[in-house]
Amino acid sequence: MVILPLKEAVTTVLVAAVLIYTLPMMISTYTLSILLIYAMLGLSLGLIWGFGGILCFGQAAFFGLGAYSYAIAAINIGESTLPMVIAMLVPALFAAVLGVFMFYGRLADVYLGVITLVVTLILFKFINSTAGPSYVIGKARLGGYNGIPGFQTLNVPGQPDNYIWGDPFYYVCAVALVIVFLFVTALLRSSFGRIAVGIRENEQRMSLMGYDVRARKTVLFAIGAGIAGLAGALFANWAEIVTPGLYSLGQSAEIIIWCIVGGLGTRVGPMLGAAGLAYLKFLLGQQSMIDNTLITGLILVLFVLFLPKGVVPAVADLWKLSVRRRPRRKRPNRRIRAERVDG
Amino acid sequence: MDYVAVISVEVVYAVASLVLISAGLAIVFGMMKVINLAHGEFMMMGGYATITAVNYGVNIFVAMLIVAPLVVGLIGLVVERLVIRHLYGRLVDTMLATWGLSLLFIGLATMIFGNTTTGISTPIPGFTVGGYQINGYNFFIILVSIVLLVAMYAVLKGTRFGLVARGAMQNPEMAAALGYSPDKIYMATFFAGSALSGLAGAVLAPLVGLVPTSGGAYIAKAFITVIAGGPSLIAGLMSSAGLFGLVNQIFTFAVSPVMGEVALLIAAVILLRLLPQGVTARFLKGKM
């Protein structure tokens, strides 16, 4: 993996530091923490969908799996460091198995959507039905639709009694998001990331060039799931309870909406989309005149119809237009030739 | 003996309700290659249309079989004109836009009807077979599904509209060259598909307590039934509904209703892995 150019890493960290410092002056850190967690979740789908071309209808499954893994591990271990790692590994492993199952069967598009959707539903139904006392993992009862409350929340590594909550928790989330962002940036800069984008653009060509498309898609899928799992674990710490609602279709829909609105094929887009829409939802939740779901749905429909590329690419295009005055002409000849090769 | 009879009725009922749930989606997907994720909400609106009509004193069968399909069909028409016709040929975009529509309709229903459960009682009394009680309404649903399948087959195979519609789906340019407007045919097909969704929602309404989010319970089942069915409309619908209904009921009786649902979903995943293009891409090729 190519290490990030120093300049870009420094710029990212500086911008992030300014944002982390200034944002709490406008919004409470409790709300900000959840916005950052959602941003991380948005980024995880933005990575596999926007750059890998894998439309996953079940990103919520990995989010929920991360949260549940954390809660169960935290109850059993009584300390939070190892559970955080487990919360990333379990969804990543689960996604790897699912990825092998799907990508080695050459499933794509809609069929991929159906399978990920169905898997999310299976998890939702299963977890919902585990209310009985017989469903126990170690010391943790799964609790069915009541969820799992009362697990060990985030603590300073090695000191189980020294909890991280409130403002410090916000900083933990922010730093985690910055690290994940830098990791995703580095990943996309590496040959692995560039090949992943190549697979998104033309799967057949990449496989003819000798790359193992199936394995690469599986690995990317697992990485995305791991990030979603980390977001899930942080969410568990924020909410201090995990419920089957985390796996619901509504949750999956929301993640997809964030990516569409923010802009696919960008790293910042899904994060901004997630934080922005979650904050909008929070504001809308304070009034009761118009139903929240209605607005979310309307936003999705309008974006698909009028701005399918999303906000960030559209703003970037505008910026380029105004700076360069004239957009660069596309080179039609090359494209036609390239397409003929496929046929 | 009685137990066997009860189980077979339940299996046929499960298959029939899957057919009913999926028919509208199958028409829209099978003929137009549009996946309507608002399908569940169309059903939910069919249910509300029925209940509202019944509360205004309309006969329940008229409300279910005429009012609800018409109302939902008209809503579908508006949706097609405003949203879906701009997205033909963009499979993923239509999925996302209709998902947005589904949320929108949930929001609208919540604002109009409130977030409470409403319902009507079943118009057909149950009866007993030996020591078991059977819901008489189940037979009505089985009947409706059979009539629906026969009618779909008759319209597609036997009428001029069916022929033109199938032609336009296979080759829109050719149909346009022969003087048929694909735009109008798509519109009519979407109307028919939405009306069927409304009918399904209406017929199932007496069996479930209706809330604005009821649609979510149907969409996944309808979606997998249609996708697993594959390219042939009616044969695909019958084969996948038959398979999933059977699996569902076997596990429901053997283990628990929840396991029945889970088994259905797992069967769908395995089936799609083995036959990614659906059952009728491999078997029963070229059937309707």
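This note goes through the predicted model of chains A and B point by point.

1. Basis. Residues are numbered from 1 along each chain as its sequence is written, while chains are lettered from A and ligands numbered from 1 in the order in which they are written. The model is predicted: local features need pLDDT of at least 70, side-chain atom pairs count only at pLDDT 80 or more, and totals for chains, interfaces and linings use all residues.

2. Confidence in chain A. The pLDDT is the predictor's confidence in each residue, from 0 to 100. Chain A averages 87, and 93% of the residues score at least 70. Helix 9 (residues 213-239) of chain A has the highest confidence, at 95. Helix 14 (residues 332-342) of chain A has the lowest, at a mean of 44. Residues 333-343 of chain A fall below 50, and beyond near neighbours in sequence this stretch has two contacts in the model. Two residues are in contact if their C-beta atoms, placed from the backbone, lie within 7 Å. Where pLDDT is low, the predicted coordinates should not be read in detail.

3. Chain A overall. Chain A holds 14 helices and four strands. Both are DSSP runs numbered from the N terminus: helices are H or I with at least four residues, strands are E with at least two. The radius of gyration of chain A is 21 Å, close to the 20 Å that the globule rule gives for 343 residues, so chain A is as compact as a globular protein of that length. That radius is taken over C-alpha atoms, and the rule is 2.2 Å times the number of residues to the power 0.38. The C-alpha atoms of chain A fill a box of roughly 65 × 50 × 45 Å along the principal axes. Of the 343 residues in chain A, 43% are buried. A residue is buried if 20 or more other C-beta atoms lie within 10 Å of its own, exposed if 12 or fewer, and partly exposed in between, with C-beta atoms placed from the backbone.

4. Helix 1 of chain A. Helix 1 (residues 6-22) of chain A has 17 residues, which should span 24 Å at 1.5 Å a residue; its end C-alpha atoms are 24 Å apart, which agrees. The expected span is 1.5 Å times one less than the number of residues. The number of buried residues in helix 1 of chain A is zero, so this helix lies largely in the open.

5. I148(A). This residue is found in strand 3 (residues 148-149) of chain A. I148(A) counts as buried, with 22 C-beta neighbours inside 10 Å. Leaving aside neighbours within four places in sequence, its contacts include A71(A), L142(A), I241(A) and V242(A). I148(A) and I72(A) are 76 residues apart in sequence, yet 8.2 Å apart in space, C-alpha to C-alpha.

6. Chain B overall. Chain B has 12 helices and two strands. Its elements run α-α-α-α-β-β-α-α-α-α-α-α-α-α from the N terminus on. The radius of gyration of chain B is 19 Å, close to the 19 Å from the globule rule for 288 residues, so chain B is as compact as a globular protein of that length. Buried residues make up 50% of the 288 residues in chain B. Among contacts in chain B between residues at least 6 apart in sequence, 76% join residues at least 24 apart.

7. Helix 5 of chain B. Helix 5 (residues 137-158) of chain B has 22 residues and reaches 31 Å from first C-alpha to last, close to the 32 Å expected. Its buried residues are N138(B), I141(B), V144(B), S145(B), L148(B) and M152(B). They cover an arc of only 115° around the axis, which puts them on the same side of helix 5 of chain B. The arc is that of the directions from the helix axis to the C-beta atoms. These buried residues pack against helix 1 (2-32), strand 2 (132-134), helix 8 (182-204) and helix 10 (233-254) of chain B. The face turned away from the buried side carries exposed residues, including L143(B), V147(B) and K157(B).

8. Interface. The contact takes 34 residues from chain B and 33 residues from chain A. Helix 4 (91-113), helix 9 (215-229) and helix 11 (257-274) of chain B each supply at least two residues of the chain B side. Helix 4 of chain B gives the most, with 16 residues. The chain B side divides into 25 nonpolar, six polar and three charged residues. Here Ala, Val, Leu, Ile, Met, Phe, Trp, Tyr, Cys and Pro count as nonpolar, Asp, Glu, Lys and Arg as charged, and the others, Gly among them, as polar.

9. Most residues other than glycine have a negative phi. E240(A) has a positive phi of about 60° although it is not a glycine. E240(A) is in the loop between helix 9 and strand 4 (241-242) of chain A. Phi of K33(B) is near 55°, and K33(B) is in the loop between helix 1 and helix 2 (39-55) of chain B.
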